[in-house]
Amino acid sequence: MPERFDAVVVGAGLAGLYMLHRLRGMGLSVRVYEAGSDVGGTWYWNRYPGARCDVESLAYSYSFSDELQQQWEWTDRYPPQPEILRYINHVADRFDLRRDIRFERRVESARFNEAECLWEVRSDKGDHARAPFCIMATGCLSTPFEPDLPGLEDFAGGVYRTNLWPHENVRFEGRRVGIFGTGSTGIQAIPVIAREAAHLTVFQRTANYSIPAVNGPLDPAFVRAFKARYAEHREHQRLGLSMGAGDLEAAARDMKPMLPTAEKVTQAEVNRVCEAYWSRGGAHFMGAIGDVMSNEASNRRVADFVRTRIRAIVRDPETAETLCPTTHPIGTKRICVDTDYYATYNRPNVSLINLRKTPVESIEPQGVRLANRLVELDDLVLATGFDAMTGALLRMDIRGSHGRKLSQAWRDGPRTYLGLMVPGFPNLFTVTGPGSPSVLSNMVVSIEQHVEFIAGILEHMRERGYQSIRANPQAEADWTAEVAKRANATLYSKGGSWYLGANVEGKPRMFMPYVGGVGAYRSTCESVAANGYRGFNFRRDAPAATHAGASGS
């Protein structure tokens, strides 16, 4: 027999947990399904060496409970994976969230029953839940991308995927290790693995820009001062006044040597500003020049500064040039934040192979076969990224009105209204879906905004007796056009990144995140709500809910 709830939530990461907490606070019954054996989402799966958030810890946390944010103590400027996972577990315990979660359940299908205005959700373990509302909190970076490495299954050594890292400790002492991938994950993992392995070979296809994190323990006095003004900092983050990434700009107001453009000033002046931001560390560096993401001349000069820094750090000239990005404007692929990444290539036990010059022919039992030689290895690490933003959703069999599949609706790329809903899929919400700021923001800021907006919609429906909500097709078309217009006014389209789906063969090329910023996006959502949730269509003509506490009852 199916179980009946007011809402089903898929995913028990930061989004799913807060969604559960908010829905429960509204008196609704909720079932959460989670593929992992515990809470954590991306921080449950990604346990690779060096895994660390690139948003600062005092900002990468929930703001809905002042007691929680005041009492929790972070250790470092940038929190490591184990500490983030402890925090998420603490939240689950503090708010008694686990009792409504079913773990080790991978949702295989979610189908809308039009006659009863219910979603039917089934898991791989035979769970069957029915609810008026289905909320996908599946994460933007949760579906691993499998690289095309012929012969990988023949490799005789250990194969470790960074986004499915073993829970037991993996040791590389005395081992010859190869790693594929020099994006954000690889850039974090490489320095840590290099300190342990007998030899590390890095296979690089595309060089990426990385900024030093300048990480370290948080100063207790700074933390006290920051927490005393937490409300102000949170407001800055929500409005995008600290770049939406919450990098403590609001607490460092003397740190503002920003130029509006690098096009019409001397290179010395550009270097002075960039050096100040480089020395402070973090993705905040991209705020050094105001038009870096819209002006090719400014972008080129900032990129030149970073390449100069790489050449100054890496002693071998050929290695330094291989590490200098040349294929895309800075920032159009995810800007990376590192600890000793470039300096790692000065170690005698680290080798760099440029796959654009020497491509892989195959993986053999003993190692990686290149055109000119065999690189013998004991272990392989795959830091090859994700089928981003749509992967988790499209791997489920999601069907809306008249049995239409989400994969059909998104055949030419993901189209949504506000990144929240898809026309033809009533009562189905996506938290930080395509068309929202999501991966271009502090994810916790965007998660909280989406959860609260969804909760507001459900309150609106309950107060007025509405049974269903549908995104208006014209509103979806207009919003998709707005997302594209914003992106086309920037250099992002020149990046060839996973923001466009360019890392997955056959995936439609469409810029997925909203680049207008969390402040502008929040303002749009508030205007939509103030105007009776403009762009959404509500109906009362579905059968009345019979479950106690159901929305609309």
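Biologist: How far is the sulfur of C117 from the closest cysteine sulfur, and in which residue is that one?
Modeller: Keeping in mind that this is a predicted model, the closest cysteine sulfur to that of C117 is in C134, and it lies 13 Å away, which is too far for a bond.

Biologist: And C140, what is the closest cysteine sulfur there?
Modeller: For C140 the closest one is in C53, again at 13 Å, so a bond is ruled out by distance there as well, given that a disulfide needs the two sulfur atoms within 2.5 Å.

Biologist: How many disulfides turn up in the whole structure?
Modeller: The search of the whole structure finds 0 disulfides.

Biologist: Where does C117 sit, and what is its phi?
Modeller: C117 is in the loop that runs between β5 (107-113) and β6 (118-123), and its phi is positive, at about 55°, although the residue is not a glycine. Most residues other than glycine have a negative phi.

Biologist: What about N427, what is phi there?
Modeller: N427 is a residue other than glycine with a positive phi, in this case near 60°. Its place is in the loop between α13 (406-409) and β20, and with a relative accessible area of 0% N427 is buried.

Biologist: Changing topic, where is M389?
Modeller: M389 is in the loop between β18 (379-382) and α12 (391-394), and at 5% relative accessibility it counts as buried. Leaving aside neighbours within four places in sequence, M389 has among its contacts C140, which we discussed above, together with G433, P434, S438, V439, M512 and P513.

Biologist: How far apart are M389 and N299?
Modeller: In sequence M389 and N299 are 90 residues apart, while in space the separation is 26 Å, taken from C-alpha to C-alpha.

Biologist: Let's step back to the whole chain. What secondary structure does it have, and what does it span?
Modeller: The protein chain comes to 16 helices and 22 strands, and its C-alpha trace spans about 70 × 55 × 45 Å along the principal axes. A compact globule of 553 residues would have a radius of gyration near 24 Å, and the value for this chain, 24 Å, agrees with that.

Biologist: Last one, what do the surface and the charges come to?
Modeller: The accessible surface of the protein chain is about 22000 Å², with 48% of it belonging to carbon and sulfur atoms. There are 65 positive and 63 negative side chains, and the centres of these two sets lie 3 Å apart.

Key: Residues are numbered from 1 along each chain as its sequence is written. This is a predicted model: local features need pLDDT of at least 70, side-chain atom pairs count only at pLDDT 80 or more; totals for chains, interfaces and linings use all residues. Side-chain values use heavy atoms; hydrogens and water are left out. Helices (H or I, at least four residues) and strands (E, at least two) are DSSP runs, numbered from the N terminus. The radius of gyration is taken over C-alpha atoms; the globule rule is 2.2 Å times the number of residues to the power 0.38. Accessible areas come from the Shrake-Rupley method with a 1.4 Å probe; for residues, only the protein chains shown count as cover. Lys and Arg count as positive and Asp and Glu as negative; His and the chain ends are not counted. The place of a charge is taken as NZ of Lys, CZ of Arg, CG of Asp or CD of Glu. Buried means under 20% relative accessible area, exposed over 50%, partly exposed in between (1.4 Å probe, protein chains only). Contact means heavy atoms within 4.5 Å.
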